[in-house]
Amino acid sequence: MRKAGLGMFVAFFLLGFSSIIIQTTLIREFLVVFEGNELCLGGIFGIWFLWIMIGAPIGSLLSKWVKNAAPLFVLFVILGALAPFAQIYAIRIVRDIFDVPMSLYVSFPDMLLFALICVAPFTWMVGVTFPLGVKVYMDLRAASLAETGPAEAPGQERPQEIYTAPEPPEGGDKVDIELPGQDISAGLDATFGVEEPSEGGPSGSQESNPSNAADAPEGEMPAEQSAPEEGSGVVPPAPLEENPSGIGWVYVFESIGFLAGGMVFTFLLVEHYMPFLNAAVVFALLSLMCFLLDLRGFSRGVRATFGVIFLALSVEHLCLAMPLDNYSIHRRWEALKLDLNFVKSVDSRYQNLTVAQSKRDANYYSLLSNGHIMTNWPDDYYLPAVANFVLYEHPNPKKVLLIGNGSHGLIRFMLKHPLDRLVHVELDPMVTDVIGPYLPKEDQEVLWGKRLDDVNPEIAKLVAPLFPALEDKDLGEKRLGQLDLDDAMRKRIESLLTEKDKNAFGDERLVRKHMDGRYYVKTCDEKFDVIFANVPDPSSAMINRYYTKDFYDEVKRILAPGGVLAGTMSSAVNYLGQDIGDYAGSLYHTLRDAFVKDGGEVIITPGDHNYFFASLQKGVVSLDPSPEGPLVKRFRERGVKCKNFTEYHFFFCVGTPERREWLLKQLMAREDVPRNTDMRPISYFYQLLIWDQKTEHPNITIWGKKRELKVGPIFRWFYEFSKDGFSVVKTSNARLTKVIHALTWIRTKLHIHDLITILLALLLLRVFYVLVLRRSIPPQARVNSLLSMSACGFGSMVFSITLLFAFQNLYGFLYHMIGFITALFMFGLAMGGLAMTVILKRLKSTNRTLLIILMALMVYAIVLPIGIKALASGVLARLPLLASQACFMVLLAIGGSLTGLMFPLAGAVFYEHSKHTSVTAGLIDGADHGGACIGAFLSGTIFVPILGLAASCYFVAVIGGICAVLQAILVLKERKTLCRSSSSKSEEESKPSNSNEPSPQ
């Protein structure tokens, strides 16, 4: 039984391990069908935590109703482990489920509804099995104590074996000291001077009164063994259920499982991403776990039968993984309803990449990233215009930096100019590898050089042993730039190259770097004449980093004198609505603040795609397409011959003067919009509003009228509320109007944000309820522990997203480091939980300790933005990279450890007033994930973009401070109660003894 108790720790480790793998797999699949928009991440994370929050209290109720929780624990684990296969398949065909037309997004309400149903099976299992598993663990530990003795039970404090009793009162019999486990009821009666009741009386023997320990409710002592009065000297053996340390240990092992699963997925599974295989492996692991656990209530025959079933299902899942993966990929493609033929689909560590072929032209291809068309090729009309327009904005570019996609032909057209060096920085190396075989011959030669059949035949003979599986024909198709050669082999090949083999390894001017573009700009020491950020619109937090003032400041550092920054953004041709206008205005004025205020110049072109150019030197960039203008003069002087680009194309690139004037007027009219910065990525929020406009919204009937269900107006209302406060609330109700006026008056007098005003109002109501209505300590302690755990769960999600954004901004989007960030946060979670579980039994007051943790949460939320700003500027910004990242990791680990410290402590506080371990585990776990659910919904989509990173953290500080105030009231009340009790006891002891009563010893 002792091994079985330890086996439950392993079980929770595997549950945490499996949970993070399935969660990450499902999120990747959601990102593909919802076209990589991070709006879905907040919703999915929120729903994930929501179902855990729902499952945990249900598990608590089940643990109270059933005597043996082991069968239910195994049943829910197996049912949950079976679900991911169906979940992955359902996600891939979601567009068919909602019948979404071509080129439209799945609407946010439909996405939430689908995620609410789809995510439920596995996630609900994670929530419901936590309290059930705690119940099973406590039962196993009790059995272990019964068999091996209390000293051998893991994690259990050894109870006293000898109980000291006071001298018997006058007339009382001598009491023998007995050991735990013996019947001490007679000794207790004698100790307290209780006369032996008559047989059959109200306090009769155990036979006459069935209210014994076996029949008493769990967590309560029977009437005959009720706790003696304080000061009696008798210390009864504490029931095993009265020790909540098991909750902490289970939480620690589950957190360690999260840590291990996150690292395995990030560093191993993501390199060979196969979702159905991941699901099959998870099912096999959890099935093996259930089979090996030595749980009560299962006979050997039942265990053997289920073992055979689990083994058969595991083999079936493993065998079906690859065929089902291929079939569902084709179903996902068909659901897009594009006029393209599917060619192939691969999953890189960063995204899903799909190559498609035009049904009308077999030589025309498209590349889709996460279901969204990323690029098309060959394109001998649009790409030449882009390449030439960008490079002619500089008088004489020699060094060019291209960030983003360019392998599909853009690089070839840019290299037609007399450049000395073109540095192409692209994060995902798989993009070029996937589209390479379908590129035109000219692009392949620029990227990888000549084929082996087109160079010295001796070279093919030299490299043939490196590819023993390739036939001569296939080997001849290989290009030198595609071969993975060491330096020695490359030098030998170069010695065999002749004059006709020039650029055999590709264009020598091209330097390709597979790394984060923002990180390259931050760490680069080279100066460039032209920097072209060819990245998509800021529809995600990662891409938004290329449109912030902080990025523009970093670009200015590596721009050569007279250098030019170029970029694009989506817009509208004839009308800038509120959302598009705010979005374009925010980006434009952010760029102006970075360049114009330093004496530079910014220009922008009209159209459905705006091209912007910025330089620190006036007179370099131009939108004058006339023959006397600088663009045409540069075109004639440079003499670059390009089939589909002439000097007359400049008129189409820059637009008419009337359109340019109209666009500039529209943008300048929005000068008051917030600027896009790393600490406040507001343009990312505007993109969410635009994304909502491009979705097909479901119709619902409200009061007999059909209305479109949109989330954009809700986000917009919150944005206006954050600016204008309660004045945006329109109501005809007189009482509600008075409340709004009162809140506005408080906000005006205290000069605080409206959200904080609402929180303070709720705090006052709670304080009134607690103090005026004189709530007793037990219910107040239970509510405070749940509120504190919810605040920590909310804070942990805000801190996670804030630190993720900050890391991307400081050090670039390094996927290996992002995985390490998640792992380190979970490590802090586990270490905090472990530390609190170990010291829990030594704490003098759990309520005071809870108050200290809340104050630490508040302080951390205030210090975190200061630490991030310090790492981005000042003395710390000049630290070596390793030292700077070490400081960042310390901030990260502290954030995780605060939540880890809170979980066992809040459980102990709640348990002191509930006396039921599994119920406590379920409610505390539900509160934790409930707070995380709200934090996930709000922080990624509303708080961080609108309020900014710093204000989001300060909001957490306010919530932590409110919980600290409520906890301080409880601590003071508890202290007063103890003082009164001590005073009453002292007064009683000071009274003269009555001769008829025995004096206390």
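Is Lys337 buried, exposed or partly exposed? Lys337 is partly exposed, because its relative accessible area is 31%, between the 20% limit for buried and the 50% limit for exposed. The model is predicted.

**Backbone features**
- Lys337 is not a glycine, yet its phi is positive, at about 60 degrees.
- Lys337 sits in the loop that links α10 (300-336) to β2 (340-347).
- Trp377 and Pro378 are joined by a cis peptide bond, with omega at about -10 degrees.
- Pro378 belongs to the loop between β5 (372-377) and α11 (382-391).

**Hairpins around β3**
- β2 and β3 run antiparallel and are joined by seven bridges.
- Four residues connect β2 to β3 in a hairpin.
- Within this pairing, Val355 of β3 stands opposite Lys344.
- β3 also pairs with strand β4 (residues 365-369), in the antiparallel sense and over five bridges.
- Here Val355 has Leu367 of β4 as its bridge partner.
- Six residues lie between β3 and β4, which form a hairpin.
- Strand β3 (residues 352-358) is largely enclosed by the rest of the structure, because six of its seven residues are buried.

**The seven-stranded sheet**
- Seven strands form an open sheet with mixed pairing, in the order β8-β7-β6-β9-β10-β12-β11.
- β8 (510-513) and β11 (601-604) are the edge strands, and each pairs on one side only.
- On average, neighbouring strands of this sheet are turned by 15 degrees against each other, direction ignored.
- β11 pairs with strand β12 (residues 609-615) in the antiparallel sense, over four bridges.
- Ile604 has Phe612 in β12 as its bridge partner.
- Helix α21 (residues 578-595) lies across β10 (559-570), β11 and β12.
- The angle between helix α21 and β10 is about 175 degrees.

**Nonpolar surface patch**
- Val859, Ile862, Val863, Ile866 and Tyr954 make a nonpolar surface patch of about 420 Å².
- Helix α31 (residues 846-872) gives the largest share of the patch, with four residues.
- Val859 is placed in helix α31.
- Val859 counts as partly exposed, because its relative accessibility is 48%.

How values were computed:
Residues are numbered from 1 along each chain as its sequence is written. This is a predicted model: local features need pLDDT of at least 70, side-chain atom pairs count only at pLDDT 80 or more; totals for chains, interfaces and linings use all residues. Side-chain values use heavy atoms; hydrogens and water are left out. Two strands pair if DSSP finds at least two bridges between them. Helices (H or I, at least four residues) and strands (E, at least two) are DSSP runs, numbered from the N terminus. Axes are lines fitted to C-alpha atoms, for helices over the stretch in contact, and angles run from 0 to 180 degrees between N-to-C directions. Contact means heavy atoms within 4.5 Å. Patches are made of residues with over 30% relative accessible area and no salt bridge: like charges are joined within 9 Å, nonpolar side chains (Val, Leu, Ile, Met, Phe, Trp, Tyr) within 5 Å. Accessible areas come from the Shrake-Rupley method with a 1.4 Å probe; for residues, only the protein chains shown count as cover. A salt bridge is a side-chain nitrogen of Lys or Arg within 4 Å of a carboxyl oxygen of Asp or Glu. Buried means under 20% relative accessible area, exposed over 50%, partly exposed in between (1.4 Å probe, protein chains only).
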